[in-house]
Each structure stands twice: as structure tokens, then as C-alpha cells.
Amino acid sequence: MHSKAAEACGAVAVGHVGASRENSRKDSVMDGLPEDERVIVETVRDFVDREVKPVAHALERADTYPEQLIDSMKQMGVFGLAVPQPWGESQVSTPCYALVTEELSRGWMSLAGAMGSHSVVAKLIVEYGTDEQREKYLPRMATGEIRGAMALTEPGGGSDLLAMRTVAARHGDEYVVNGTKTWITNARHAGIVALLCKTDPSSNPAQRGVSILLVEKGEGLTVSRDLPKLGYKGVESCEISLSDFRVPTSTLLGGVEGQGFGQMMRGLEIGRIQVAARALGVGRAAFEDAVRYAQERESFGVPIWKHQSIGNYLADMVTKLTAARQLVLYAARYYDSGERADMETGMAKLFASETAMEIAMDALRIHGGYGYSTEFDIERYFRDAPLMIVGEGTNEILRNVIARQLIARNAIAE
Ligand SMILES: Cc1cc2nc3c(=O)[nH]c(=O)nc-3n(C[C@H](O)[C@H](O)[C@H](O)COP(=O)(O)OP(=O)(O)OC[C@H]3O[C@@H](n4cnc5c(N)ncnc54)[C@H](O)[C@@H]3O)c2cc1C
């Protein structure tokens with residue numbers, strides 16, 4: 001399985017000239033990965049350096065969907081990293097998946113975003129789908145021919161999912177769906193949407209009335225609006241309106257109503273690792289630019305890193321980034337153990353995203369006035385970083401999740 005993944009990525013590895021001294025040092029983060037997974041991470045790293053870094057600035061300014069780069073990601077097998085055999089050929093461990101995500105995000109966070117919800121939807125189908133659903137979607141999702149979006153959030157709120165108003169009413173062998181979803185990333189380019197809705201709005205407890213439908217676009221489902229946003233350009237986040245949208249009951253994930261909330265909570269665990277890894281990528285990009293600039297820029301006759309304040313920023317940045325990466329890799333290994341991992345993935349997303357925010361801010365300080373310039377990448381990192389404190393559960397919600405699990409695992413006898 002793993003060697004096939006390496007082969008898939010190897011298709012674009014031509015021209016790889018071997019690890020530089022810098023890369024060898026960074027490769028220590030890959031300790032524990034098998035050789036074929038290291039090759040995959042290195043291949044994506046080379047792709048980012050060669051094809052993404054030189055164009056990311058212009059593409060983000062143009063705010064258009066990066067078709068060509070997405071095509072290259074398809075060829076590398078990136079959309080199949082979460083799809084096992086027999087449906088896919090490039091499944092990898094979750095630590096490898098996280099490191100690939102970090103590399104893409106280091107080039108441009110939007111590229112990593114384009115495969116984020118896609119992977120969550122793929123995992124949902126792998127873990128909970130019926131045989132028919134797996135056969136129908138997974139082979140084409142593995143190649144990236146069709147890509148996935150997930151629709152949870154509604155205009156009335158994203159954190160309080162059980163207050164959702166989207167209802168799928170059963171009529172014979174069809175559901176008739178009505179409601180509105182918002183902030184749905186990849187909505188226009190997705191061939192499949194995992195739609196969280198209520199199949200039994202009167203259920204008590206409410207979560208037993210929640211289901212996931214795997215829907216394709218059709219009459220009654222309208223991508224009604226592209227939402228303007230601070231960063232995360234190039235990839236669309238949209239409002240979706242559902243008006244008497246009819247789908248067959250075979251779209252119900254797993255074929256049993258009332259399982260959707262639990263299914264999505266597990267799905268969000270891989271989603272949170274992905275968002276945490278995206279934060280690592282943005283943080284690392286900002287850090288690497290700052291390390292270079294602090295050596296090039298001089299004031300008072302010395303490179304600015306020699307001023308203790310700037311040196312201290314760099315020291316704090318590398319310390320926090322290294323710690324964040326270790327936490328993300330720990331959460332990824334924990335997720336692969338099959339255990340409930342909401343606490344571990346929550347801690348990783350919380351810490352990595354707050355770290356990325358701090359690093360982006362400190363990188364901006366180090367760049368002085370140029371940090372504020374739209375001719376430099378620093379301001380892009382500064383605009384992209386906040387998404388990760390909000391997406392896949394806000395950090396306030398994640399603190400609730402972590403605290404609840406912490407106490408549940410350490411409850412004292414009354
Ligand atoms: C660019 C972008 C892309 C997105 N992509 C998707 C997507 O593809 N699919 C999707 O379904 N959603 C997506 N989202 C939505 C995202 O998941 C939600 O924005 C997020 O879950 C928060 O929901 P909200 O915006 O409604 O905030 P609210 O839930 O209204 O929260 C507002 C504030 O109150 C705090 N708060 C709320 N409840 C509590 C509580 N119990 N304890 C402590 N604090 C609380 C929140 O942390 C936040 O600070 C995206 C968002 C953005 C910005």
C-alpha cells in the first residue's frame with residue numbers, strides 16, 4: 001500500500017536532486033515514517049518549492065481557483081492519501097498525511113484547504129459508508145476526479161451544531177431537504193457534499209435525529225453566494241441553499257438514520273489534524289522568511305538578528321513551531337491507534353493554530369514596514385493564519401472539548 005503511494009508521488013519526483021543539508025535537517029521531523037512515506041513528503045516539498053512558491057503570491061492576488069496546481073496534486077495522489085485499497089493506491093499514515101499538508105500549506109494554505117474537507121468526506125465514507133457508497137465514490141475521490149465538501153455550518157451558527165435547521169424529511173424512498181448552509185469550502189468544485197442535517201427534528205436527545213447525506217448537486221441545491229474573506233483566497237467558501245431538494249434514501253451515510261452526529265465528530269478528528277497541519281505550514285513559511293530576512297537586513301551596522309529582541313523572537317518562534325509539530329504528530333499517531341482522539345486532535349489544533357498566529361505576528365514585526373507591504377508574503381500569512389483558529393471548531397469550543405474529555409478520563413469517585 002505504501003509503496004504504491006510512493007510510486008504515485010514518484011510520477012512527479014523526476015528532477016528531485018536529493019536532499020540538501022537544510023532538507024536533511026528538516027527530515028528529522030520524519031523520524032518514524034517508513035522510507036516510502038518520506039519520499040512522498042519530500043516529493044510534495046519539492047513540488048511546493050518548484051511550482052507553488054514562485055506563483056502563490058500572484059495566484060492569491062488574482063483570487064482564482066488554482067486549477068493547474070490542483071491537477072498536479074491529483075497526479076501526485078494527494079487526494080487519495082486518506083483512501084485505502086482497494087479503492088485507492090496512495091493511502092498513508094496520518095503523521096505522513098499531516099506532514100504533506102504542512103508542506104502544501106507552507107507554499108499556499110489554500111492548496112491544503114482544497115484537500116482538507118475532501119479527506120474528511122473520504123474518511124467518513126471509508127469508515128461508515130455502505131458498500132455501494134464506497135464503490136460509487138471512493139475510487140474517483142482517490143484520484144481527485146471528484147472532490148468532496150462538507151456542509152455543517154448554518155447562518156444561525158456553526159458551534160452549536162445541534163441547533164441546525166436543515167431538515168431532510170423522508171417521503172417514500174426519497175428525502176426532501178430544506179435549509180441553508182454557509183461557509184462551505186470547495187462548494188463549487190465539489191462533486192460530492194457530506195450534508196449534516198436533521199432526519200428527525202423532534203428527537204430527544206437531539207443528536208439522535210442527526211444524519212449525513214452524501215449528495216451531488218441537482219435541482220433544489222443552489223450554491224447561492226461566494227463569501228468574501230480576509231485570506232484563504234483562490235478556494236471558494238459559499239452559501240448553499242436547499243429548497244425542496246430531493247435525493248434518494250440511498251444517499252444516507254451508512255444507511256441508518258440518527259448516526260450522523262457521532263460520524264461527523266469522528267470525521268472532525270482527522271479534520272482537526274489537517275487544520276493543525278495547515279497552521280504548521282503557515283507558521284513555518286512565516287518563520288523561514290523571518291530567519292532569512294533577519295540575516296539579510298542590517299541596522300546599526302549588524303544583521304538585525306543580532307539585536308537581542310529580534311533574536312528572542314526567532315528563538316521563541318522555532319521553539320513553539322517545533323513543539324506544535326510534535327503535538328500534531330502525536331495526535332496523528334493517536335488517531336491512527338483507532339482510539340477516540342477528540343482531546344488529542346483538539347489540543348493539536350488549538351496549540352498549532354495559536355502558534356501560527358503568534359509566529360505570523362512576530363514575522364511581521366521582524367520585517368518592519370515590509371511586513372505590512374503587499375509585495376511581501378508576510379501579510380498573506382498574517383491573513384491566512386486566523387482561519388485555523390476558527391475552522392473545524394473554534395479554539396473556544398476546542399477548549400470545552402479538551403476540558404470535558406480531560407475530566408471524563410480523570411473523574412474522581414464521588
Ligand atoms: C473561511 C472559512 C471556511 C469554512 N469552511 C467551512 C466548511 O467547509 N464547512 C463548514 O461546515 N463550515 C465551514 N466554516 C465554518 C466554521 O466551521 C465556523 O465558522 C465555525 O465553526 C464557528 O461557527 P460560527 O462562525 O457560526 O461562530 P459561532 O458559533 O456563532 O461562534 C461565535 C463566537 O462564540 C464562541 N462560542 C460559541 N459557542 C461557545 C461555547 N459554547 N463556549 C465558548 N465559546 C463559544 C465561538 O468560539 C466564537 O468565538 C468555515 C469558516 C470559514 C471562516
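1. Pro-86 sits in the loop that runs between α4 (67-76) and α5 (94-107). In this predicted model, the peptide bond joining Gln-85 and Pro-86 is cis, with omega about 10°.

2. Asn-186 is not a glycine, yet its phi is positive, about 70°. This residue belongs to the loop between β3 (174-185) and β4. Asn-186 counts as buried because 24 other C-beta atoms lie within 10 Å, and the cut-off for buried is 20 or more.

3. Phe-300 also is not a glycine and has a positive phi, of about 50°. Its loop lies between β8 (298-299) and β9 (302-303). With 7 other C-beta atoms within 10 Å, Phe-300 is exposed, since the cut-off for exposed is 12 or fewer.

4. Helix α9 (residues 260-296) and helix α11 (residues 342-366) have axes that come within 8 Å and cross at roughly 20°. The two helices are therefore roughly parallel, as angles under 35 degrees count that way. Their crossing is left-handed. In the contact of α9 with α11, the residues comprise 19 nonpolar, 5 polar and 5 charged.

5. For the protein chain, pLDDT averages 93, and 93% of the residues score at least 70. Residues 1-5 stay under 50, with 17 contacts beyond four places in sequence. Residues 8-22 stay under 50 too, with 24 such contacts.

Technical notes
Residues numbered from 1 in each chain as written. Predicted model: local features only at pLDDT ≥ 70, side-chain atom pairs only at ≥ 80, totals over all residues. Axes fitted to C-alpha atoms, helices over the stretch in contact; angles between N-to-C directions. Helix = DSSP H or I, 4+ residues; strand = E, 2+ residues; numbered from the N terminus. Parallel < 35°, antiparallel > 145°, perpendicular 65-115°, else oblique. Left-handed = near helix turned anticlockwise from the far one by under 90°. Nonpolar A, V, L, I, M, F, W, Y, C, P; charged D, E, K, R; others polar. pLDDT = per-residue confidence, 0-100. Contact = placed C-beta atoms within 7 Å.
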